[in-house]
Amino acid sequence: FSFYNGHRGAPADSRHSGFEADPNMRRTLALLKADPELIVQRRLPWQVRKQQLRQQLWKDDEEPESPPSKTPGIVVQIAQAARKRQRDPMLWSNLLDQALATHGELSPQDMASVLWSMSEARFHHEVLVEEFVRSLSFRANVKAMVTAMLAVDRLGLPTDA
């Protein structure tokens with residue numbers, strides 16, 4: 001005959017207290033410390049949490065992409081000369097020589113922009129066109145390639161590979 005202390009399956013003898021878990025019962029893992037940031041988050045209104053989550057998602061989306069590169073000054077100068085319809089061959093030769101000297105630092109879109117500006121001004125620079133087309137054939141995206149092909153076509157040069 002045995003006595004129980006009020007809990008089922010927990011005998012009242014000295015070896016088992018009423019607060020020990022039955023060996024057949026499930027055991028929980030040790031509780032980890034609560035993250036204070038999460039505790040504060042749960043106290044905020046849902047609109048604020050939603051806005052913070054939206055900002056966090058935008059940050060995550062932007063990280064893998066490369067940061068937007070600033071357009072080099074020479075590309076801007078060439079585009080401005082084309083828009084102002086400047087026809088001075090010395091000016092164009094000087095600007096395009098500078099662009100050719102720094103073409104390793106230019107992005108494909110910058111190279112395509114230079115070619116487009118050349119086509120607007122109707123100015124040919126054979127060495128620059130050959131070098132930019134060669135570079136673009138290796139590393140251009142679709143937009144840059146199409147812009148470059150249209151510019152080369154407007155200059156009256158062959159666009160075949």
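**Notes on the predicted model**

1. R154 has a relative accessible area of 35% and is therefore partly exposed; the classes are buried under 20% relative accessible area, exposed over 50% and partly exposed in between, with a 1.4 Å probe and protein chains only. R154 lies in helix α7. Leaving aside neighbours within four places in sequence, R154 is in contact with W116, S119, E120 and R122, where contact means heavy atoms within 4.5 Å. R154 and E120 are 34 residues apart along the chain, and their C-alpha atoms are separated by 8.2 Å.

2. On the basis of the note: this is a predicted model, in which local features need pLDDT of at least 70 and side-chain atom pairs count only at pLDDT 80 or more, while totals for chains, interfaces and linings use all residues. Residues are numbered from 1 along each chain as its sequence is written, and side-chain values use heavy atoms, with hydrogens and water left out.

3. The protein has 7 helices and 0 strands, and its elements run α-α-α-α-α-α-α from the N terminus on. Helices (H or I, at least four residues) and strands (E, at least two) are DSSP runs, numbered from the N terminus. Of the 161 residues of the protein, 24% count as buried. Among contacts between residues at least 6 apart in sequence, 61% join residues at least 24 apart.

4. Helix α5 (residues 108–121) packs with helix α7 (residues 142–154) at an angle of about 20°, the axes being 8 Å apart. That angle makes α5 roughly parallel to α7. Axes are lines fitted to C-alpha atoms, for helices over the stretch in contact, and angles run from 0 to 180 degrees between N-to-C directions. Angles under 35 degrees count as roughly parallel, over 145 as roughly antiparallel, 65 to 115 as roughly perpendicular and the rest as oblique. The crossing of α5 past α7 is left-handed, a term for a near helix turned anticlockwise from the far one by less than a right angle.

5. On the α5 side, the contact with α7 is made by P108, Q109, A112, L115, W116, S119 and E120; on the α7 side, by K143, A144, T147, A148, L150, A151 and R154. By class, this contact of α5 with α7 has 8 nonpolar, 3 polar and 3 charged residues. Here Ala, Val, Leu, Ile, Met, Phe, Trp, Tyr, Cys and Pro count as nonpolar, Asp, Glu, Lys and Arg as charged, and the others, Gly among them, as polar.

6. The axes of α3 and α5 come within 9 Å and cross at roughly 25°; these helices are therefore roughly parallel to each other. Their crossing is left-handed. V75, I78, A79 and A82 of α3 meet D110, S113, V114, S117 and E120 of α5. The contact of α3 with α5 has 5 nonpolar, 2 polar and 2 charged residues by class.

7. Helix α4 (residues 89–101) and helix α6 (residues 126–139) cross at roughly 30°, with axes that come within 10 Å. That makes α4 roughly parallel to α6. α4 passes α6 in a left-handed crossing. The residues that meet are L96, A99 and L100 in α4 and V127, L128, E131 and F132 in α6. By class, the contact of α4 with α6 has 6 nonpolar, no polar and 1 charged residues.

8. Which residues have the most contacts inside the largest nonpolar core? They are I78, W92, L96, L115, L128 and F132, in a core of 27 residues. A nonpolar core is a set of buried Ala, Val, Leu, Ile, Met, Phe, Trp, Tyr and Cys residues joined through side-chain atoms within 4.5 Å. The elements that give two or more residues to this core are α3 (73–83), α4, α5, α6 and α7, and α5 gives the most, with 6 residues. Not counting residues up to four places away in sequence, I78 touches W92, L95, L96, A99, V114 and S117.

9. H103 is found in the loop between α4 and α5 and, at 19% relative accessibility, counts as buried. Leaving aside neighbours within four places in sequence, H103 is in contact with M111, E131, F132, S135 and R139.

10. S135 has its place in helix α6. At 9% relative accessibility, S135 counts as buried. Not counting residues up to four places away in sequence, S135 touches H103 and M111.
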